[in-house]
Amino acid sequence: MTDLGFVGPSRPAHDYRFLSVTDGDTPTIAMAIRMVSIDTPESDFGGAPATAQAALDRTRARLLDGTYDALPRDLRDYLVSRITPDAAQRHQAAGKAAAEAHAEMVTTRLTRPDGSQRKLAVIATGELVESNGRLLAYTAPWFTGGSADPLPPRDDPRRRTFNLDMVALGWAATFLIYPSLPSAADLNLLLDEAEAAWTRQLGAWAEFGEDLLLGYEYRACIKLGAREVTDPAKTIGQAYQRVCVDLRTLREVGLYGYHDVPPHHRLWIWEDDLERAREDLPITP
């Protein structure tokens, strides 16, 4: 028996739609991409708006009646202020508008001057495949580089990723999650665009309000609003699994302190990855 003393990384299996076999060792599948470093509002998470609003209303009631007193008071107050009677409807409408903005952006930027279609450039990064089986990647137009489709200069806006432009237009919030982090130059460009969009209240904030629940806030509140909660601590643990770091100070603000940090200055670390992140990043507890 041969034992090299090394086992390569392995991830759980996921189900993908099979498309075809193109070679003896090459099946082709349909695989969704999770655009890394950004988060848009959800368009159907939690069910139809009325169903999702019922879950949010349960969350609000529990934040007020003591069920979730294990959460810090300031976080509870913050969430209560954002769970308005139309919070689900506004959030899902923002999600649909973000999807439309993304589709329009892709259609426009993948169309060459002669009307033909470019391919999509996919730059996989970080952990490569996330828990739902989606490829973690940046996406951008693919330029063939020939005379009919020359590659623009590096700083040309036509080479910007769709991830970056969704943030710049205010349709996505930054969602930086260790270890899938961009280079320093790309990180600072992303943060600058995010700060400008937040300061100017572009996109989703312009159309649906400054108090719009961000995608990860909305998902957490839907989880807190499950129909039956027999173990509040367990439910809180399912809703809050990432530690937030303030990028302005590189200080950890914990599982429940993110609301004190402006959206564009939040870095996220899965609680299980925290010790490794402390070794890799210049963060302080």
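Me: How do the residues of the lining of the largest cavity divide into nonpolar, polar and charged?

Reply: In this predicted model, the lining divides into 9 nonpolar, 3 polar and 1 charged. Ala, Val, Leu, Ile, Met, Phe, Trp, Tyr, Cys and Pro count as nonpolar, Asp, Glu, Lys and Arg as charged, and the others, Gly among them, as polar.

Me: What is a cavity?

Reply: Rolling a probe the size of a water molecule over the atoms shows where empty space is left. On a 1 Å grid over the protein atoms alone, a cavity is a set of points where a 1.4 Å probe fits but cannot get out, and lining residues have an atom within 4 Å of a point. Grid points are joined across faces, edges and corners, and a volume is the space filled by probe spheres set on the points. Here there are 2 cavities of 30 Å³ or more, and the largest holds about 80 Å³.

Me: Which residues lie nearest the centre of the largest cavity?

Reply: Asp39, Pro41, Ala173, Trp205 and Leu214, out of 13 lining residues. Residues are numbered from 1 along each chain as its sequence is written, and totals for linings use all residues.

Me: Which helices each supply at least two residues of that lining?

Reply: Helix H6 (204-208) and helix H7 (215-224) do. Helices (H or I, at least four residues) and strands (E, at least two) are DSSP runs, numbered from the N terminus.

Me: What volume has the second largest cavity, and which element gives the most to its lining?

Reply: Its volume is about 50 Å³, and H5 gives the most, with 3 residues. The lining includes Ala173 and Trp205, and divides into 8 nonpolar, 2 polar and no charged.

How values were computed:
This is a predicted model: local features need pLDDT of at least 70, side-chain atom pairs count only at pLDDT 80 or more; totals for chains, interfaces and linings use all residues. Side-chain values use heavy atoms; hydrogens and water are left out. On a 1 Å grid over the protein atoms alone, a cavity is a set of points where a 1.4 Å probe fits but cannot get out, and a pocket is an open set with protein on both sides within 12 Å along at least five of seven lines; lining residues have an atom within 4 Å of a point.
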